[in-house]
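Let's take a friendly look at one helix pair and a few charged contacts. Please keep the model open while you read.

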Amino acid sequence: MFALSQSSFSASRSKASFGKGNVHCWSALVRPRKIRAIEFAKTVKGGAINVRVNVKPVNADNALITIEVADANGEDTSNLAAHWAITKEGSDDWQVPPENITLPDGSVPFGDGIATRTPLPFSIVVPTNAVGDEDEIASLVAIVVKPGGGDEEWMHADDGVPFVAPLGAHMQGSTLIKKFARMERDGDMNNFKRYCTANETVGEIIAAADEDAGMAKGGAAALFTWIRMAETRALPLYEGHNYQTKDMVHVSEVLACKVALAATRSDETGRLFRLLMGNLPRGGGGGDDIRMGILNVMRDNGIKEGHRPGIECKFIQQWHQKLHSSTTPDDVAICEAYLHFLRGSGDWNDFWWHLNEYGNLTQEDLSKMKVGWKNQDGITGPAVHLPHVHDAFVWFRGVLRQTHSGIQLDRANEFAHWVMDEGLQHEINDLLANRNEWWVPGKIVELRSRLQHSWRGQEDGYAARDALHLDIALERHFRGMIEAMDVDAMSADDVADTLRLALESGALASSGEAMCLASGLWSRINAEKNWGDARWLSVAASGLDFVALALEEEMDSLARLVSPASVEIGRAGKADESYIVNFGEECVRGHPLFVCSRLIQALQRSVRQSAGIGPWTVVGAGVNGDGTATGVPVNQLLDTLQGPAATAAVQELADGSPVVLISETLDGLEDIPPGVAAVLSKSGVDLLSHVALRARQSGALLATCSDDQYWDALVTSLTATPSPVRVTVDISTGTVDVSEGDAVAAATSSSSAKAAAGAVSLSPVDTSISSWAVAPAEYAPGVVGGKSSNLATLAQLASEISSITGVDVRVPQSIAMPFGSLERTLAMPENADASSALDEALTALDAATDNDGTLSALANAQSAVLQLQMPDGLAAEVAASAQTAGLTSLASASSDDWWPAVRQVWASKWNLRAHSSRVALGVAEADLQMAVLLMEVVPSDYAFVLHSRNPVNTDDESVLGEVVVGLGETLVGNHPGSAMRFTAAAPEQVIVAALPSKLEAMKMTESSVICRSDSNGEDLENFAGAGLYDSFMTNGVSTHTVNYANEPLLWDASFCTSLGGKLAGVAKTLEILLGAPQDIEGAVVGDVVYLLQARPQQL
């Protein structure tokens, strides 16, 4: 749900995706909470050797960088090393890594006091939080070398550029931020200097755009932030050296033309340049026209100028000095305020009133305009009342507007006439003559659509400038008319039509892919609207959810891009701290798409009211299964109550009483600590997400609210008292009730109550297996974990299920690396250093007394595992086993494709989530064993999760299922939006409860294998363990925004019921064959249903 609060823009809802790509450089900007998982590769030695880098966020404060040979192509790589160093923000100079970075084993100084030599492969943990603001690491730079005494071979990358790859915020963006901040910190800044620098910068950004869209986007965001902060006067405009007005006019014109051409791009970089264009003057018009214009007005009307005698007017003399040396858009506002004064009675206060009311300028602002010869006071006045000069200054205002008022609607129309055909000119003139009529918003959208050809694809910067300024001016007038509407007084039909127009307006230029698809979806929904039809209301509800998610994603992205720049540049320029803090939100509120927010919220209320449903969804029904919980209300995010200290932290929140936690956001990966009776949130949660499974296993109530007003009212109600409350969420109506609770009821509502009912007992393992890989026929208890064993069982049952249901049911091919494989690998002589490092990390983990110590130890443990070298014979066994199992894609693959993924699965044993769970359950580190299931990835049309017994209401034996477009990661990973949800008492009795609104889908780009965690602590009878350990694909997938405008999962009721019936039949048949309710994950490809996983359902 899109919200207007600043906090909503900082809540990240994006998910890391798998993928490979070639780039020109590897870089690692290390900034807290900005680390991104990336993987890049480049070749050396004429393409003979492929070297890969993987950058992985260990947590908010630590990045793990791994460099290794991906493909040797027969070359000897046994003695390769990386010759590397780091660079810091604002500098390309190689520097020695700071002392707080632990160097990988085998690292030695090169001897120049800077570079380090480290044998390949190696991994290094970069602790970002230990580096000061002025010393932030920007990148890790490296050259591959083959030492050999005097015959040392330097293997420069084939593209001629050292290995330098982005990690988190983009290098170009961060470098420009540092550069702009340094200029502001040095002082004596004005817009002339900024525009000169910006003119140099625009070309650099665009040159990078085709090679690295992320770098260009970061650079454009930094430039936009810098100029916008200046144009809003948060940064000084009138300091530093004076310059000729004609120079300012020229540099403004050049910048406007360059930015206009950059804004013709259709990517996010282009949209950022469009936003920048809305903050620039037009430029041109003749700089000397301004300087000589004011002189001629003074001379023609007898006003004293220099030594020339005449009427003494302090204001005109001061303003003349400014105009001679520095003209800005402020001069238009000053001239208009002066004209207002001339038309009045001569009260100088009239000037200040108009200046503040219409120009947003104060006396203090003008007093700072100390530019020009002998101008020590700025512009203070007063002015002599000279009515006879009124017409002369009307003319002079036109001169000023020629340069500065490119986006004022009437002036923009005048300037752009030369780039439009006569028909379009006439219609825009007619629109301006009737600019306040009710039909104008729709007409603006039509005319802007026709205006596109005048600036999109334009090669003439002057034409692009004038056409784009007119387009922006029309868009702003459109927004003003929408904002003036009383939405609460409008009919639902009118609001729906207005939202369609607002989305279409954005799609013309301001929207990214998601919002353009949202526009197309809502156009169809609006065209077919029928407020009395239940099916249409369901489609509309999902459509609005998708539109809201798309809006949230694009606005959050904008805020994330500009906020780091605003902090560093703003503080360097001594901007007001409150302005800096709110800059990201201010940019969002100023965005043309912002008008969609209240239209969406109004329509969501109308749809719910028409459908007779409330905003609450129950994901976990609580310890009693009735949607109730009792505890002391606490307003705190669940993700702050994670880790080994979570239980104690919960007890402190309410003096040992159970807690009803009010967590505004959830990312879906949290645990439910003991003592939490309920979690209420505004974030949508999938039924099989990690937090949903934990809620049902622990007996905690988990419910989410989709309406801001309802949520705010609940938060106010719950936080008004520290006493226990009883929360009841009605599953059928989606409403919530809060009443007084009691201590006895609270004690039985705690999540520890159910957890205490049965302790977790890990499956026994046999670590004496000598094989590196086993085929499904060899999957057995103690050899592999529940995932592999259950998959083998599904393969045995597939034909029987098909025979019973008439559905073509299949199971993907797989093999597994059994329990003990990790331990055997660690015991190999070639892995002695990694094994020793792991032992040290685990000793530190056992001794850790705080979160920092725990996080550091876990990061070091993962780093050690990721350095493991492959034992001899392992690759051959995996290939042979895969060939036997029919897993041909793995049998023919290079081990370089899958070995890194295997190590990542092993390393996930020591992620914080898994470690915290083991601590809470009393499981010793050594008792948790990790097998790895290597399974064919099914190129899903749709992915599903089935519960053969309704987990929300266990008295209901109906199947409950969820279906999404594409791969299942968006479903089990709790990506934003809803799945198609259905219940089925029988295959022919399907009830569709919700339609899909997931923002993104993931699709296969090539055949792939997924390496899945398969520990002895997952898929147990009394503990699912799902989501604790990680899985990794060997090849990439693409993530894209779902186009729901023609998606049958949204529009085709018969398709949904048919698919639901087919899946329900499979689920119930599997439950009967296995003798217990099951949680099932699978995929649909055409008419085929693939079963990917099944485990006993936790009821």
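Here is a short tour, starting with some notes on the model.

## About the model

This is a predicted model, in which local features need pLDDT of at least 70, side-chain atom pairs count only at pLDDT 80 or more, and totals for chains, interfaces and linings use all residues. Residues are numbered from 1 along each chain as its sequence is written, and side-chain values use heavy atoms, with hydrogens and water left out.

## Helices α28 and α38

Helices here are DSSP runs (H or I, at least four residues), numbered from the N terminus. The axes of α28 (residues 786-805) and α38 (residues 1053-1074) come within 10 Å and cross at roughly 120 degrees; axes are lines fitted to C-alpha atoms over the stretch in contact, with angles from 0 to 180 degrees between N-to-C directions.

In α28, the residues that meet α38 include Leu794, Leu797 and Ile801, and their α38 counterparts include Val1066, Leu1070 and Leu1073. Contact means heavy atoms within 4.5 Å.

## Salt bridges

The whole structure holds 42 salt bridges, each a side-chain nitrogen of Lys or Arg within 4 Å of a carboxyl oxygen of Asp or Glu.

Glu427 pairs with Arg450, their closest N and O atoms being 2.7 Å apart. Glu427 sits in α14 and Arg450 in α15, 23 residues apart. Glu427 is partly exposed at 23% relative accessibility, and Arg450 is partly exposed at 30%. Buried means under 20% relative accessible area, exposed over 50%, and partly exposed in between (1.4 Å probe, protein chains only).

Arg608 bridges to Asp707, with closest N and O atoms 2.1 Å apart. Both Arg608 and Asp707 are buried.

Terms used
Helices (H or I, at least four residues) and strands (E, at least two) are DSSP runs, numbered from the N terminus.
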